[in-house]
Amino acid sequence: MMAQYSNLKTEAGDCLLFYRMGDFFELFFEDAKIAAGVLDIALTTRGEHAGEPVPMCGVPVHAAENYLARLIRAGCRVAIAEQVETPEEAKARAKREGTPSSKALVKRDIVRFVTAGTLTEEALLEPRRANMLAAVCDLRGTCGVAACDISTGAMQLEECEPQRLPAVLARIGASEIVVPEGWNDMPVDAVVRPRGDFSSDRGEAQLKKVHGVATLDGFAQFSRAMLAAAGGLVAYLEHAGRGDLPLLLPPTLRASGGHMAMDEATRASLEILASQQGGRSGSLIAAIDRCVTGAGARQLAEDLSAPLAERAQIEARLALVDYMLGDPLLRGDLRTILRSLPDIGRALGRLVAGRGSPRDLGQIRDGLGEARRLHELLKAKGERPALLDQLLPSLAGHGELTDLLSRALVPAPPTERQSGGYIAQGYDAALDELREVSGSARRAIAAMEARYRSETDTPSLKIKHNGVLGYFIEVPSKHADKLMDADSGFTHRQTMANAVRFNSLTLHEEASRIAEAGGHALAAEESHFEELVDRIAARREAIAATAAALARLDVAAGQAERASDGEWCRPRVSEEPMLAIEAGRHPVVEAALAANGERFVANDCSLSEKDRLWLVGGPNMGGKSTFLRQNALIVLMAQAGGFVPARSAHIGLVDQLFSRVGASDNLARGRSTFMVEMVETAAILSQASERSFVILDEVGRGTSTYDGLALAWAVAEAIHETNRSRCLFATHYHEMARLADSCDALSLHHVRAKEWKGDLVLLHELSEGAADRSYGLAVAKLAGVPAPVVKRARSVLDKLEKGRAETGGIAAGLGELPLFAAAMEAEEEECDTLREKLEGVDVDALSPREALDLLYELKREI
């Protein structure tokens with residue numbers, strides 16, 4: 001057995017091996033130690049190997065899913081080794097091979113690899129979160145990316161430049177990433193696969209084979225990098241499924257300019273799908289999600305992860321939300337129906353992957369039936385928005401399939417199909433007859449039990465059944481003598497502590513009838529199950545389209561519900577590089593304050609070509625970071641196609657959103673907090689364009705005052721002069737207010753605060769003009785810093801301010817500095833002087849002395 005285990009473990013590689021032994025999955029050696037620690041189960045030993053006890057632990061097969069879920073969440077990958085022959089088949093094989101049947105070992109094989117990105121089981125997936133698997137490769141300087149949620153089959157292909165790959169992967173949020181071996185720039189924790197899997201020709205051939213087409217042109221024009229990534233993805237899925245592929249819908253092409261770009265740092269700082277503590281609570285999606293289905297919540301997460309950058313598509317989504325908002329009765333009816341809907345997208349995925357159950361068939365039946373009901377409800381309404389008209393056809397067209405499933409299935413099919421009982425009465429006459437035979441035999445056994453009690457005068461006699469003996473007669477030990485007589489007609493089977501078990505010829509005949517009819521009935525039901533799955537698989541794309549339409553309706557109705565609750569407005573979207581938000585609020589902070597009975601202070605924001613950079617000052621805790629984030633979130637929410645928390649909002653389309661708000665160190669990559677801040681700032685300066693929106697908070701605070709002010713000054717100038725992006729720039733450097741004298745599109749603003757009887761009152765209101773002071777000591781007092789420390793800090797501050805007044809401060813002379821572009825030109829001109837002198841020198845004609853004199857002269861000039 002251990003030899004068989006060792007061979008399978010070699011095949012499993014770095015996966016934990018679940019080795020099936022009877023009713024348990026067993027783990028051995030290091031696998032057992034890892035699993036016992038993660039699952040908190042007993043670690044035992046079994047026999048010896050190389051003179052040492054073999055560590056061992058196990059989990060029951062019937063509860064394996066729960067244990068698998070915990071292992072996957074802990075970052076483990078698991079290989080499932082099942083028995084692939086019966087004991088009888090093993091003995092027959094041993095006989096053919098000339099091996100004693102007593103030593104016949106049941107053959108086992110790995111039937112599936114369970115990894116974070118290849119889950120389809122309902123118990124292992126989060127209902128409101130997509131489970132993405134991504135494959136990435138580098139082909140001639142271009143990164144191809146293939147992403148798929150195999151629980152629903154949705155697949156997208158795209159390509160990007162290598163420097164933009166982290167942002168793409170951050171948007172996808174894959175549970176597992178697959179890369180070719182030997183790639184130096186692979187993402188952290190990626191799964192390495194053979195480079196031959198990432199062949200564009202192979203990827204193209206695999207996609208054609210999966211979808212039964214001669215060309216992929218009907219789907220889209222995919223690049224070689226995309227097809228190479230697709231090849232790696234499909235090959236990995238074949239490996240995980242041991243040759244069986246899950247549901248894969250036709251791939252869609254993700255165009256590079258169709259969505260707003262956000263890098264990983266921006267997503268983290270804006271807390272779009274997860275808060276900085278790592279959970280959903282406190283995130284943007286938690287504050288706005290009013291979806292009543294898991295599919296809708298997953299669609300909303302995708303919308304927020306990839307806001308649109310095309311006005312027509314944004315307006316189409318906004319019009320549908322507006323339509324739902326304007327008809328509360330329709331919205332209520334719609335949400336009531338949606339709330340009862342099963343997740344047909346994931347049920348379809350399980351059925352096509354061969355892991356479905358009768359319950360999944362029932363979910364497809366019920367979901368498609370309710371979709372038809374929604375179709376009739378919405379079609380009856382007049383003046384529908386264009387997006388709703390596009391969705392309506394996908395909600396219908398399944399009448400034949402739903403009728404078939406309604407006739408074939410019982411009202412509430414079970415989750416297991418081994419015991420049968422899910423095919424409805426009247427669907428198959430032969431099956432009904434088998435059930436009748438089985439039922440009449442059971443009634444005959446009940447009558448037989450009554451007759452045997454009377455004949456033996458033993459009221460306590462019972463006919464029972466178990467998996468080992470089948471049907472048997474059981475009487476208490478004190479009555480056993482009556483049945484032991486040779487002419488009694490009973491045959492002794494087993495003696496227990498307080499009972500004796502018997503058999504009889506009549507009982508054996510009836511039991512055989514039950515077993516035979518039951519076996520035929522189960523086989524018939526299994527055949528019907530496969531037929532129904534095939535019928536559903538044949539309509540997989542149409543069913544997936546229905547699931548997508550239902551999710552989009554849920555998102556629109558949920559957005560309308562949230563807008564109604566929060567008095568949110570429909571944003572106006574245009575192509576101009578501007579931003580005009582009146583009474584904007586931060587959706588997450590406002591919800592948190594409302595829970596405590598407090599009111600959020602709304603603020604306006606108005607950026608235009610002539611006033612595109614706001615320098616925002618004021619005290620800590622005054623609301624600068626909140627103001628910056630709320631405007632970025634309002635832009636994001638608007639371009640995702642939802643209403644926004646403001647009195648009014650006019651959004652000029654943003655191609656890229658950048659947020660550098662609050663950095664933390666990255667010790668794993670050897671980066672300090674200041675280094676992380678500079679890396680993020682560098683990305684903004686190199687990528688932001690005139691159509692971008694940038695929020696920067698406290699640039700330069702992580703180093704010395706002089707260095708920090710110099711960096712903040714230069715960054716603000718670069719944003720203003722070179723990138724020319726719309727930007728909100730929060731800073732504590734009051735000296736930067738002098739930038740308003742030289743930067744014509746920069747204006748000064750501050751969050752208001754007042755001191756009242758020695759205490760600081762934070763007003764959280766934004767006003768025009770520079771901040772007069774930072775109130776740092778007052779904030780320290782609010783935070784509970786001991787009074788003697790605050791008092792000492794005040795005396796030090798007085799000394800510093802006196803010195804600043806005498807010397808002109810650390811910003812003395814900055815007013816005479818040329819602007820960013822002018823400074824660069826001045827440097828270039830200085831270099832040109834040296835170049836002109838050198839170009840006029842005949843090097844071959846110089847004597848050593850003359851060359852040395854020239855070198856000294858040039859150095860003096862420098």
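Visitor: How many salt bridges does the count come to?
Guide: The count is 53 salt bridges. The rule asks for a side-chain nitrogen of Lys or Arg within 4 Å of a carboxyl oxygen of Asp or Glu. Side chains of opposite charge can pair when their charged atoms come close.

Visitor: Before we go on, what sort of model is this?
Guide: It is a predicted model, where local features need pLDDT of at least 70 and side-chain atom pairs count only at pLDDT 80 or more, while totals for chains, interfaces and linings use all residues. Residues are numbered from 1 along each chain as its sequence is written, and side-chain values use heavy atoms, with hydrogens and water left out.

Visitor: OK, salt bridges. Which residue does Lys208 pair with?
Guide: Glu204. The closest N and O atoms of Lys208 and Glu204 are 3.4 Å apart. Both residues sit in helix α6 (residues 200-211), and being four residues apart they are separated by about one helical turn. Helices here are DSSP runs of H or I with at least four residues, strands are E runs of at least two, and both are numbered from the N terminus.

Visitor: What about Arg849 and Asp853? How far apart are N and O?
Guide: 3.8 Å, in a side-chain salt bridge. Arg849 and Asp853 both lie in helix α29 (residues 848-861), four residues apart, or about one turn. Arg849 is exposed at 58%. Asp853 is partly exposed at 38%.

Visitor: And Lys464 with Glu474, where do those two lie?
Guide: Their side chains meet in a salt bridge at 2.9 Å, N to O. Lys464 is in strand β14 (residues 462-466) and Glu474 is in strand β15 (residues 470-476), 10 residues apart. Lys464 is partly exposed at 33%, whereas Glu474 is buried at 13%.

Visitor: Which residues are linked in a network of salt bridges?
Guide: Glu122, Arg350, Arg359 and Asp360 form one such network.

Visitor: Now Arg660. Where is the place of Arg660?
Guide: In strand β23 (residues 656-660). Arg660 is buried, with a relative accessible area of 0%. A polar atom of the Arg660 side chain lies 2.7 Å from the backbone oxygen of Asp697.

Visitor: Which residues is Arg660 in contact with?
Guide: Leaving aside neighbours within four places in sequence, the list includes Glu677, Glu680, Thr681, Asp697 and Arg701. Contact means heavy atoms within 4.5 Å.

Visitor: Over to α16. Which residues are buried there?
Guide: Leu401, Thr402, Leu404, Leu405 and Ala408. They are on the same side of α16, because they cover an arc of only 160 degrees around the axis. That arc is taken from the directions from the helix axis to the C-beta atoms. The buried residues of α16 pack against α14 (358-379), α19 (505-538) and α20 (540-566).

Visitor: Where is Gly421 found?
Guide: In the loop between α16 (399-408) and α17 (429-456). Gly421 is partly exposed, at 44%. Not counting residues up to four places away in sequence, Gly421 touches Val410, Arg435 and Glu525.

Visitor: Last one, the whole chain. How many helices and strands?
Guide: 29 helices and 27 strands. The radius of gyration is 36 Å, well over the 29 Å that the globule rule gives for 862 residues, so the chain is more spread out than a compact globule. That radius is taken over C-alpha atoms, and the rule is 2.2 Å times the number of residues to the power 0.38. The C-alpha atoms fill a box of roughly 130 × 75 × 70 Å along the principal axes. Of the 862 residues, 47% count as buried.

Note on methods
Buried means under 20% relative accessible area, exposed over 50%, partly exposed in between (1.4 Å probe, protein chains only). A polar contact is a pair of N or O atoms within 3.5 Å; within protein, one must be able to donate a hydrogen and the other to accept it, and residues adjacent in sequence count only if both atoms are side-chain atoms.
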